[in-house]
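Hello,

Here is the structure we talked about passing on.

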Amino acid sequence: MTGLNVIFPRAQATGQLWRLAFAAGSLVSFALNAGAVDFEKELKPVLEKKCLSCHNPNIAKGDVILADAESMFDPEAHFVKRGDALASDLYLVVTPEEPGEKPSMPEKGDPLTEAETELLRQWIDEGAAWPEGLVLKEASKADKSWWAYQPLRKSFEFSESSFQERENPIDVFLEATLKEAGLKMNPPADARTLIRRATYDLIGLPPTPGEAADFVKAFQRDPEGAYVALIDRLLASPHYGERWGRHWLDVVRFGESRGYERNQIIDNAWPFRDYVIRSLNEDKPFDQFIREHLAGDVIGKGKPDIEIGSAFLVAGPYDDVGNQDAAQAAQIRANTLDEIISATGEAFLGMTLGCARCHDHKFDPITQRDYYGLYATFAGVRHGERVLATPKDVDAHQQAIAPLEKQKADLEAQKKAIETAVMDRAKKKAADFEKRWVRSPADRSGTDETFPPVKARFVRLVCEGNDSNPSVASGFRLDEFEAWTAGDSPRNVALAANGGKASGAARRIEDFPDAYGPQLAIDGKAGARFISAGNDFTVEFAEPVTIDRVHFSSAWNELTPEHRKFVFVADYRIEVSEDGKQWTEVASGDDRKPVSEAHRQVRWRRAEITKAETEKLAALSRELAGTDRKIAQLPKLPSVWVGTRNPKDAEGPFHLFVGGSPQRPGADVIPASLSTLSAVGPTYELPAGTAETERRLRLADWIVNPENPLTPRVLANRLWHYHFGTGIVDTPNDFGYMGGRPVHPELLDFLAVKLEENGWRLKPMHRLIMLSRAYRQSSDWQDEAGKVDGDSRLLWRFPPRRLSAEEIRDTFLAVSGKLDGRMGGPGFRLYHYMQDNVSTYEPLDEFGPETYRRSVYHQNARASVVDLMTEFDQPDCAFSTPERSETTTPLQALTMLNHDFTIDMAEALATRLESQAGNDPPSEIVEGFRLAYQRDPTLGELEASLAAVNTNGLRAFCRALLNSSELIFLD
Amino acid sequence: MNPDLPYASRRRFLGHVSTGLMGVGLTQLLNRELSAAVSGPTIATWHPGSGKPHFPAKAKRVLQIFCPGAASHMDLWEHKPMLEKMDGKPLPGEENLVSFQGKNGPLMRSPWPFKPAGESGKQFTTMLPHMAAHVDDIAFFHGMTSKTNTHGPGCVFVNTGHPTEGFPSAGAWTSYALGSLTDNLPTYIAIPDIRGEPPNGKANWSNGFLPAKHQAITMAAHQPIRNLRPPREITSAEEKGTRHLLDFLNEKHAAEHPQESELRARISAYELAARMQLSAPDVSDFKAEPEHIHRLYGTDSPNDLKAAYARNCLLARRLLERGVRYVNLYCASRASGVDGLLNWDAHKTLKADYDRHAPVFDQPTAALLTDLKQRGMMEDTLVLWTTEFGRMPTRQEGTAGRDHNPDGFTLWMMGAGVKGGTSYGATDDFGRRAEQNPTTVWEYYSTVLHLLGLDFERLSFYHNGLDRRLTDVHGKVIRRVLA
């Protein structure tokens, strides 16, 4: 171990005198401790706060650890020399060399105060007593007294009964804070603004012109009644679940591809999306919803509608490449579980649990032990799909399939009997067969066939079995194929440079079609090879020639030709043709020795089998295919991406991983509740052998336990965030030290309590919030208020917003009349999916009508880019996303102006206007404004629009409308 | 906004400002990021996206060349004479090594001889004869280490500083920190190879949790920027009519909401888009390039792959020249069904694979470096060469190729502020593990950010509980490679 003074050499030599003086003087000025220093009470917190963040056993910065007696008093290190502070490096580095200078330690953060250094000096001089077995740990910035971990306030300064009639309690809370800041709320917004605001907010679509007109009329008669009716109508709309479900899918990082290198698309994850939409539309109590997310397969076993909830666990990305290196494989598994733990903490608890993976959380009171307790909780979860069906459906399926399976087995047995008989006969003739096979087997490094000179325009290699599997004739590779002319100066006429043209079905990569093409076998170079997808390879010569030899290989000049990379032909024919239609065999591998025992057996069979046997086998195969078809036609039990559960993975024992490394197991851990909340609610610890199902269920129950203040607070804050654009806490996934502080702590608790009182149902909460004056006020800017609260966090106005990516696309479809309202089922794609070991997602240039569904039904793949969606800040869903960015870029402008989709929508809108408003431009323009903005144009707008329509047609007007700011901004 | 107020927003990108926005440049308007997105003591003094670094910068722009597939350090960059001596013998101490694809066989020498290059006389592979000319200008990091031995996480790690998905790439961080140098082109461009995307695809140039405007725009000589033109016939008269009406509507709407800076920014975005429509086709039009430049790069090569990459190299220069801040240029793509075919992942047939890849890479890359030098652009352009990890000194059992090796490999940099002819760090005698000055990806990027005038510890962005950084919670500037 290095001494501190090796790292800070100056500390020893200089400054000593001053320190001495300081130390002496301080006895006078800081006569703090008449008695001995109480290390545990007085000094431990100082060291833990200012030293341990770097000098703990996990980080050991500069090889210095100050956690326990052993390292602190290491005789080689001179950190602390008992009885002599001035000979102790620890003291020297935390005191300044010259008065007023910054001491060399701590490197970051505040230096120790004079009182603290004096305490340290006194403790060392007194002999540096260390309580037996004490280990120092870095203190997190926030402890259990942090605001977010306190029980919910249940009584408030304003009791609800004292509210004036029709006064919304939310406004009472807000007014109080506004008043303190010298602000007041804006007047109410007008009817058109309100219907636009509320409709987008609750269903994510524009109001129709009819809805807007009706509302404006009703609002004139009875503003309150009309508005309440509007909110109730919207809350009852099935589109509500599509809009708010999308919010939740962001939070639970729902994506429909696996992520990482292969990033294979997942085609059966959509049932979870439908489950979320359905649950929100039903107003399912959210505590139940959360329990289903973590343990739906436990509480709803055999009920697919509930089991599907637990797809939450596997809704995130994971690395499925596989790894022979055991340490790396363990790390990947740890990363996968970390993803589940982090998402759970962020989504339900507003806790950033992932930060406690390598060490105790530096900011929040979350220990590494807490983290690994959850690791043990989720250890049985694996990504993947499985059948989700009721026992009744499973039974019915079994009943239907059983007779067919039996039929299939019978047919297979009959086939096998014939094959066995053939082979039994063949074995007896083996010696005869072997006599026919005189030449060496086909050689991957180079195989030669010579034959009497023959005139040919074409030559082809026909494979009857490749050399790794005698019954498969495709999949062979050729790095080169040569055809030589007869005579004294032979020429390779197959060579491309000599005019040869190669053909043959090849394995294909969609975005790099020639990667394995036949051209690679006549390029005169080895290294890259043709991989056949059929059973032949043909070369057409530039002109008819006389040839007498071919030469071909798959591992020309390779050091390890036996590797499976070089699969070659084993049994084959060489044929020539003058017209490409009539073929003549000129050579074959029939007289070569078989390349393997398996190939030998296939040749025996081929030589021995009778015509009758072949026919019988063919008949049986036909029958078998028929049975297979019937099996395939039976309705399949649905297989869904809900993850698999593997009790063996969950066996344990589990340890915490020092520094986050599975290669450094530390103390044993068991599934347990988080210590963070141990002071305010129930706790649990489960014995090591507890079933993994039970572990998840207990965690779920703990998360939604009424004593747990975090869950309802976090959820209430999310609702506020989506309604007002910013939460009462502006970091909805993080209620810890690094997160924001609540602007209205009392209001937050009030809402959390209300949420619980409402049985964890969201719809009454929406109603409560949206009926407030705060929600209904105008978004008008006030200069004076803006100076005090520019971001409107105190809600002196309603904060305006831009529409989300999904809302923008859905608005295009709705306004143009093209929106396909079908709900649920498999999603649509705005990209082209390609797979060649790994997946590639290419954004499409044109979208067909099959994509005209709401954007929530888009099959969002990870690490894919879809112009319209990505550019308007749709997240990648690699993480839980608590809030969307709102960016403005030139790329958005290019896409909205020029993507084929916008043009399609502009044309559809033009057609719609024509049919609705006849061939009368002013009426068409008015109708366009009503559809897009829910208002009539001003005279100036009408004139400008008319000019566009008259000169350039309706499409020019419609395209401008779709690109306009007013369409995608809400007041 | 007053940061003392408890309700001061932590992060709003285009906040509602109460001052007029007249006279603010287009780019500044779009790049305007409120300082609240940055935590710590920097709030008052530095704004991301303002175009200003933390301290005076050596480099204004970055060219990052990426050779995906784990390009072999001991065959390309770091000479290992011991492999020649012990070719065919077991790797001492790791005779039974099991790595990514399985068991390893004996040590394998590089199939290409090395010979001294440049004035420094550094031993350099004969596989890259053109690149040898630049050896004296390169600072090699021979002691790199990675956290992962898998391509996808490896690529993402070397591009984002995190082996897991979802983090912003170095180019996105640069865009966020420094903003744009031009109104006419995107700030950050990724140029994928004609053979396809690298492992983990678009995650390599993702904005992660940074706002979407910091994602790379993809383009290549074979692939223009998307949506530059309407896909079908729209007459210029109609286009003008639409734009005119749109301007009218948007101006009117913005005027009615004078305090909403987004609305003004959106109008600017349409103006910038119009400029891009003019500039972007020009940048990919190589007709103006003289014949000798085409020959220098090899755009006329009969090797289609080489010609395609050469055109992308030329495109990279033209983008950098016109003010693109960060160009991420790929040479090769992903792991196909046959490894080593589409990228540098030579598991089974190292010699054959690199005999195909090296000629594609060598001349065009060397030409790009030469061209940047001769135009004086190397003074303020930082060039990075990266790959996801290295390869084993052994042959993979039963093959003539090498398996993945995250424990030692080479990256390099050259150009603005870099001390050429430097070799920092080294692997052991065999190339198995970083031994001298092992260097993390975080240290490499600390150095990159330093050259861009950015303090890697101050450049952060709050996300889900942490002020996240390109260098995670690590990093250190490697001063030995600084000029």
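**Contact between the chains**

The contact between the two chains involves 100 residues of chain A and 88 residues of chain B. On the chain A side, the biggest contribution is from helix H30 (residues 890-898), which supplies eight residues. Sorted by class, the side of chain A that touches chain B consists of 38 polar, 33 nonpolar and 29 charged residues.

**Confidence**

Keep in mind that this is a predicted model. Chain A has a mean pLDDT of 92, and 95% of its residues are at 70 or more. Residues 1-15 of chain A stay under 50, and the model has 31 contacts for them beyond four places in sequence. Residues 23-32 of chain A are also below 50, with 10 contacts beyond near neighbours in sequence. Where pLDDT is low, the predicted coordinates should not be read in detail.

**Two packed helices**

How are helices H18 and H21 of chain A placed relative to each other? H18 (residues 391-428) and H21 (residues 611-633) pack at an angle of about 160°, and their axes are 10 Å apart. Angles over 145 degrees count as roughly antiparallel, so H18(A) and H21(A) are roughly antiparallel to each other. Their crossing is left-handed.

The residues that make this contact include A:Ile401, A:Leu404, A:Leu411 and A:Lys415 from H18(A), and A:Leu617, A:Leu620, A:Glu623 and A:Leu624 from H21(A). By class, the residues of the contact of H18(A) with H21(A) are nine nonpolar, seven charged and three polar.

Regards

Key:
Residues are numbered from 1 along each chain as its sequence is written. Chains are lettered from A and ligands numbered from 1 in the order in which they are written. This is a predicted model: local features need pLDDT of at least 70, side-chain atom pairs count only at pLDDT 80 or more; totals for chains, interfaces and linings use all residues. pLDDT is the predictor's confidence in each residue, from 0 to 100. Two residues are in contact if their C-beta atoms, placed from the backbone, lie within 7 Å. Helices (H or I, at least four residues) and strands (E, at least two) are DSSP runs, numbered from the N terminus. Ala, Val, Leu, Ile, Met, Phe, Trp, Tyr, Cys and Pro count as nonpolar, Asp, Glu, Lys and Arg as charged, and the others, Gly among them, as polar. Axes are lines fitted to C-alpha atoms, for helices over the stretch in contact, and angles run from 0 to 180 degrees between N-to-C directions. Angles under 35 degrees count as roughly parallel, over 145 as roughly antiparallel, 65 to 115 as roughly perpendicular and the rest as oblique. A crossing is left-handed if the near helix is turned anticlockwise from the far one by less than a right angle, and right-handed if clockwise.
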